[in-house]
Amino acid sequence: MGEATEAMGTGHEGLGWGWGATRSWVEKGLVEGERIEQVVRLRGGWTSQMRRLDLAGPGGRRSLVLRSFVKPFYVRHAEGLLNREAAVLRRLDGTDVPAATLAAVDATAQHCDHPSLLMTLLPGTVRLGDQGADDRAELLARQLVSIHRLPMTAAQRPRPYQAWTSPERATPPAATERPELWRRAVDVIRREPPAHQGCFLHRDFHPGNVLFTGSDGDLRISGVVDWVETSWGPADLDVAHCSTALALLHGVPAGMRFADRYVDAGGTLAEGTAHLYWRLLDALGFAPDAEKVAVPWRELGRVDLTPDVLTGRLEGYIEALFERCA
């Protein structure tokens, strides 16, 4: 789901991936008399192909969203990822978290061309521009507190969090003029993870996975998407991930302010070097140049986010973390 879309028609031509079996699977689950009128590619994603399916039938018009894993790495992991998202969407139904409603899932591509999940379309758009970023960050912080407060029984808890980098895998930018800063950051994550109180984590919470409607005084979050990485772990890790993204999108100060916004909204975070550990664990996962997230962000209009800009912001953000938390 995002601001940029591309109409693909009703057939499979131009979709860029197998569609025939997937279409049959979708159609078998539709209300009697419904048909797929149009297939629209949704741009701005990285891990999966996202399509909006516009339906028409006796009850009127509605739209669904189809997520399909087509990249070999994600196809291999699709069973766990899609079943996790399906379980989370069921769990979120009826809560105050604005998430999609699950329609169907075929996590092993038993019926589809690729592992797929079908869900309702949420209103709103992804908004990544600098204008209004502060107001959106306030809403992001409040929404994240709400997510972290969701009650979970032991049986409902998702898997423990997984680190997305390690001292061995962290890669500084090749052209950095501050290798000592990167070595210092890597040394921080060599230690054992700090003791923490676990909570329910989105685990990939950032502006690209949140939909907004309205403007100014009517601005509100209308949807939180992409629940495939949900985990159990420290609230600091979700805050860290959103903070890094905000620093890359809007500059270092925006990334540094988000933790304060989260605490002001009622959240609780670790202090000092413990909090620094989680922030750097996330930031180093974006090294060396954050190009992985930049590709979908540029698709959504942020063509200014060149590798050089992102590398400079990431390095500045790591420096600011040391100044504040060390």
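This report covers the salt bridges and the cysteines of a predicted model.

## Salt bridges overall

The predicted structure contains 18 salt bridges.

E85 and R67 form a salt bridge. Their closest N and O atoms are 2.9 Å apart. E85 sits in helix α2, which spans residues 72–92. R67 belongs to strand β4, residues 60–68. The pair therefore ties together parts that are 18 residues apart in sequence.

## A helix-to-helix pair: R324 and D260

The side chains of R324 and D260 also meet in a salt bridge. Here the N to O distance is 2.5 Å. Which elements does this pair tie together? R324 lies in helix α9 (residues 307–325), and D260 lies in helix α6 (residues 252–264). The bridge therefore links parts that are 64 residues apart in sequence.

Both partners are partly exposed. The relative accessible area is 46% for R324. For D260 the value is 34%.

D304 and R302 form a salt bridge through their side chains, with 2.8 Å from N to O. D304 is partly exposed, with a relative accessible area of 36%. R302, in contrast, counts as buried, at 6% relative accessibility.

## A four-residue network

Some salt bridges join into a network. Which residues are linked in this one? They are D134, E138, R257 and R261.

## Cysteines

How many disulfides does the model hold? The count comes to 0. Distance explains the case of C199: its closest cysteine sulfur, in C242, is 14 Å away, so the two are too far apart for a bond. The cut-off for a disulfide is a sulfur pair within 2.5 Å.

C242 is in no disulfide, and its nearest cysteine sulfur is that of C199, 14 Å away.

Where do these two cysteines stand, buried or exposed? C199 counts as buried, at 10% relative accessibility. C242 is buried as well, with a relative accessible area of 0%.

## Recap

The model has 18 salt bridges and 0 disulfides. E85 in helix α2 pairs with R67 in strand β4. R324 in helix α9 pairs with D260 in helix α6. D304 pairs with R302.

How values were computed
Residues are numbered from 1 along each chain as its sequence is written. This is a predicted model: local features need pLDDT of at least 70, side-chain atom pairs count only at pLDDT 80 or more; totals for chains, interfaces and linings use all residues. Side-chain values use heavy atoms; hydrogens and water are left out. Helices (H or I, at least four residues) and strands (E, at least two) are DSSP runs, numbered from the N terminus. Buried means under 20% relative accessible area, exposed over 50%, partly exposed in between (1.4 Å probe, protein chains only).
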